[in-house]
Amino acid sequence: MKMKQWKRAGIWTCILLMAMTAPGAAMAVQAAGSSAEPNVSSEKIKVQGPFMIKVVDAETGRGIPHVQLKTTNSVLYYTDSAGIVAFDEPGLMDQTVFFHMSSDGYDIPADMFGYRGQAVEVKPNGSVTLEMNRINIAERLYRLTGQGIYRDSLLVGQKPPINEPLINGLVMGQDSVQTIEYNNKLYWFWGDTDRPAYPLGNFRVTGATSKLPSKGGLDPDVGVNLDYFTNQDGFVKSLVPPA
């Protein structure tokens with residue numbers, strides 16, 4: 001009886017070994033092991049927040065819009081209207097990153113090798129303020145139109161000063177503005193206007209109004225709340241009928 005029990009045990013052991021070493025079973029075991037082990041890199045990406053880079057006018061301390069920040073592998077970032085970039089590159093967190101800095105009308109002293117920029121210790125949810133010297137007489141304040149005027153500010157939890165900080169009237173960009181005061185309002189008119197849905201937008205005049213500062217509008221130093229003339233789909237209306 002004891003011999004029969006050992007034989008049966010040996011047979012079952014062989015069957016189990018064969019099942020475990022079969023290709024399908026091996027793949028199943030491997031898959032189960034992979035899913036059980038946490039992906040450390042993925043977990044790190046999920047929990048980290050962006051690093052805030054704010055570029056300011058060295059004289060006034062005000063954020064500078066449209067400053068180009070370029071990494072050493074030529075990835076480009078541009079500050080929003082508050083002078084902020086929400087830097088969120090998983091492979092570049094928790095280390096020193098050099099940013100080349102440039103912007104029309106502003107400058108930063110070159111280092112001993114001629115590079116104009118700053119090396120920054122990048123940390124998730126951290127921040128740094130960098131200065132540039134204004135060489136223009138006029139100070140750049142903010143963007144009036146287009147998508148993402150205060151995009152990066154929102155990403156780092158800042159409160160923008162205007163009502164539509166991301167996109168207004170589905171306008172991606174505009175050119176050639178004319179502004180007049182009429183009936184206690186400012187009337188704004190643009191030429192070519194781009195939209196998100198297709199490269200061809202509105203090319204027959206786009207318009208908007210804004211309140212005068214003395215009639216409830218924002219101080220021009222702060223911004224402008226534009227109220228576009230729009231169609232039912234939300235995109236700006238053509239103010240000149242087709243010929």
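Close-up 1. Strands here are DSSP runs of E with at least two residues, helices are runs of H or I with at least four, and both are numbered from the N terminus. Two strands count as paired if DSSP finds at least two bridges between them. Glutamine 178 sits opposite phenylalanine 189 of strand 11. Two residues lie between the strands of this hairpin, and asparagine 183 has a positive phi near 50° there. For context, most residues other than glycine have a negative phi.

A quick note on conventions: residues are numbered from 1 along each chain as its sequence is written, and side-chain values use heavy atoms, with hydrogens and water left out. As this is a predicted model, local features need pLDDT of at least 70 and side-chain atom pairs count only at pLDDT 80 or more, while totals for chains, interfaces and linings use all residues.

Close-up 2. Tryptophan 188 has alanine 208 in strand 13 as its bridge partner.

**Close-up 3. Met112, Phe113 and Tyr115 make a nonpolar surface patch.** The patch comes to about 440 Å², an accessible area from the Shrake-Rupley method with a 1.4 Å probe, where only the protein chains shown count as cover for residues. Patch members have over 30% relative accessible area and no salt bridge; nonpolar side chains (Val, Leu, Ile, Met, Phe, Trp, Tyr) are joined within 5 Å, and like charges within 9 Å. A salt bridge would be a side-chain nitrogen of Lys or Arg within 4 Å of a carboxyl oxygen of Asp or Glu. Methionine 112 is in the loop between strand 6 (106-107) and strand 7. Methionine 112 counts as exposed because its relative accessibility is 75%; the cut-offs are over 50% for exposed, under 20% for buried, and partly exposed in between.

**Close-up 4. Asparagine 125 is a loop residue with a positive phi.** Its phi is near 65°, and its loop links strand 7 (117-122) and strand 8 (127-134). With a relative accessible area of 60%, asparagine 125 is exposed.

Key
Buried < 20%, exposed > 50% of the residue type's maximum accessible area, 1.4 Å probe, protein only.
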